[in-house]
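Please open the model in your viewer and keep the selection panel at hand. The tour below moves from one selection to the next and says what is to be found at each stop.

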Amino acid sequence: MDRRHFIKLGIAGATVAVGGMLAGCAGGAEAPAPRSETHPQSQAETPSTSAATEPAAPKGTPVVTGNSLVIYYSHPEITAASDPANLTEAEENSAVVVDGEILGNTQFVAQIIARETGAELHRIETPHEYPTDHRELTNQAQQELNSGFRPEITGGIPDLSAYDTIFFGHPIWWAQLPPTVTSFLEQADFSDKNVFLFNTHGGSGDAGTPATIKALQPGASVSSDNYVVSRDAVAGAEPAIVAWVSGLPR
Ligand SMILES: Cc1cc2nc3c(=O)[nH]c(=O)nc-3n(C[C@H](O)[C@H](O)[C@H](O)COP(=O)(O)O)c2cc1C
């Protein structure tokens, strides 16, 4: 069974539930998320998401300038035993194979942005353990999002003083930022930086996460021109990523 067929089976009855989230998509060919990755509206109304309804103060138009850093979080559902030539459905949903190397979907996008901009890359990591089994991972993520858990960030927040422009990317988890991403954003300070957002997803588009990020980084100049791509389209997204980067104001 191919991935698209797998997703179609998974969404039976779920299209209405994700309809609102799909409306927020900024780009990419979208497919509704499997039912297990949609969630009731009440779960989306976590404190962080509610806070995002307050618009950040206008900070001018962000431009790509000076030194750039690509910061991203990615959690492909792969193990040391994953075979690049024979990925399972769950692995394929969360990963891209490039020259025999398995990359997370968001990692793949981040690497292209870094290559196109000459930016350095910083991957957000946590010592907190997340399973790679999809069901276990979604269950744990749901519990953590409901409880407001904030994982520790490996190595803390990097020194951002040398950077003028930040590209910030993440996957969508339960129509929200993954806990590790929220944890990072609550500790980091993007004040006076130009910030461009990107995310990958399974059908929810950006799920309103740009507003959450703007609320968490009120001192930053955050672009509304974010790059959003479905996991179904990510493997073929390089031309679109390149076009997005080259079209950003300088
Ligand atoms: C715990 C969990 C929850 C997810 N929830 C959603 C969701 O609510 N909406 C959605 O569109 N995709 C959801 N997804 C799919 C991921 O956003 C998508 O597979 C993404 O491309 C993964 O990126 P990564 O490989 O860089 O981690 C979820 C994935 C996981 C692991």
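In what follows, buried means under 20% relative accessible area, exposed means over 50%, and partly exposed lies in between, with a 1.4 Å probe and protein chains only. This is a predicted model, in which local features need pLDDT of at least 70 and side-chain atom pairs count only at pLDDT 80 or more, while totals for chains, interfaces and linings use all residues. Residues are numbered from 1 along each chain as its sequence is written, and side-chain values use heavy atoms, with hydrogens and water left out.

Begin with the charged pairs: the structure holds 3 salt bridges, a salt bridge being a side-chain nitrogen of Lys or Arg within 4 Å of a carboxyl oxygen of Asp or Glu.

Select Arg150 and Glu186, whose side chains meet in a salt bridge with an N to O distance of 2.9 Å. Arg150 sits in the loop between α7 (134-147) and β5 (165-171) and Glu186 in helix α8 (residues 179-187), so the pair ties together parts that are 36 residues apart in sequence; helices (H or I, at least four residues) and strands (E, at least two) are DSSP runs, numbered from the N terminus. Glu186 is partly exposed at 42% relative accessibility, and Arg150 is also partly exposed, at 34%.

Next, select Arg115, Glu116 and Glu238, which are linked in a network of salt bridges. Arg115 pairs with Glu116 at 2.9 Å, N to O, and with Glu238, where the closest N and O atoms are 2.8 Å apart. Arg115 is partly exposed at 47%, Glu116 at 33% and Glu238 at 32%.

Now show α6 and α10 whole. Their axes, which are lines fitted to C-alpha atoms over the stretch in contact, lie 10 Å apart, and the helices pack at an angle of about 45°, on a scale from 0 to 180 degrees between N-to-C directions. That makes α6 oblique to α10, since angles under 35 degrees count as roughly parallel, over 145 as roughly antiparallel, 65 to 115 as roughly perpendicular and the rest as oblique.

Finally, display the side chains where the two helices are in contact (heavy atoms within 4.5 Å): Val109, Ile112, Ile113, Arg115, Glu116 and Thr117 in α6 meet Glu238, Ile241, Val242, Trp244 and Val245 in α10.
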